[in-house]
Amino acid sequence: MGEAIRFHFNVDGDNFTSAGQASVQIKKNLRQLGVAPEIIRKVSIAMYEGEINMVIHANGGDADVLVHEDGIEIILEDRGPGIPDVDLAMKEGYSTAPDNIRSLGFGAGMGLPNMKRYTDSMVIETELGKGTKITMRVNF
């Protein structure tokens, strides 16, 4: 199997208006690589939801996208507060977003559920006070 193509992005937690830039860029990159539109759509949605979560809850982080021969791996890693109850956080509509974020139309509690919905696999590793790592995969 050939070497994966890697794209790395820093997600700026101080600039809410820049949230989503990595998902827009990865959409362009995948289009240039000739990836199928449905795969691009899934990856873009999962990336966007993850970026927004990193900005709202964790003051940013790192996003890596690896394009393999058989699929795309998305790795989102932050040094935020961690997720106290992953099962609860996975419930549609559950949100810990502050009111100022909700007033902007975000924080509806669909981030993690949508990330899972649009990927073939999702693993959440989280430690309170240390951060969260989410690894997702969309198969070709």
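Predicted model: local features only at pLDDT ≥ 70, side-chain atom pairs only at ≥ 80, totals over all residues.
**Entry 1: helix 2**
I started with helix 2, which runs over residues 37-58 and has 22 residues. I looked up its reach from first C-alpha to last and got 30 Å, close to the 32 Å expected at 1.5 Å a residue. Then I checked what comes just after the helix: Asn59 sits there with a positive phi of about 60°.

**Entry 2: the largest pocket**
Next I went for the largest pocket, which holds about 640 Å³ of space. I found 36 residues lining it, and Asn53, His57, Ala89, Thr96 and Leu112 lie nearest its centre. Which elements give two or more residues to that lining? I listed helix 2, strand 3 (71-78), helix 3 (86-89), helix 5 (111-117) and strand 5 (131-139). Helix 2 has the largest share, with nine residues. I also sorted the lining by class and got 19 nonpolar, 13 polar and four charged residues.

**Entry 3: the largest nonpolar core**
Which residues touch the most other members of the largest nonpolar core? I got Val43, Met47 and Ile72, out of 33 residues in that core. Several elements give two or more residues to the core, including strand 1 (5-12), helix 1 (21-32) and strand 2 (60-67). Helix 2 turned up again: it gives the most to this core, with nine residues.

**Entry 4: around Ile72**
Last, I looked up what Ile72 touches, leaving out residues up to four places away in sequence. Among its contacts I noted Leu30, Val35, Ile39, Val43, Val65, Met136, Arg137 and Phe140.

Definitions and conventions: Residues numbered from 1 in each chain as written. Heavy atoms only, no water. Helix = DSSP H or I, 4+ residues; strand = E, 2+ residues; numbered from the N terminus. Expected span 1.5 Å × (residues − 1). 1 Å grid on protein atoms, 1.4 Å probe; cavity = no way out; pocket = protein on both sides within 12 Å on 5 of 7 lines; lining within 4 Å. Points joined across faces, edges and corners; volume = space filled by probe spheres on them. Nonpolar A, V, L, I, M, F, W, Y, C, P; charged D, E, K, R; others polar. Core = buried A, V, L, I, M, F, W, Y, C linked by side-chain atoms within 4.5 Å. Buried < 20%, exposed > 50% of the residue type's maximum accessible area, 1.4 Å probe, protein only. Contact = heavy atoms within 4.5 Å.
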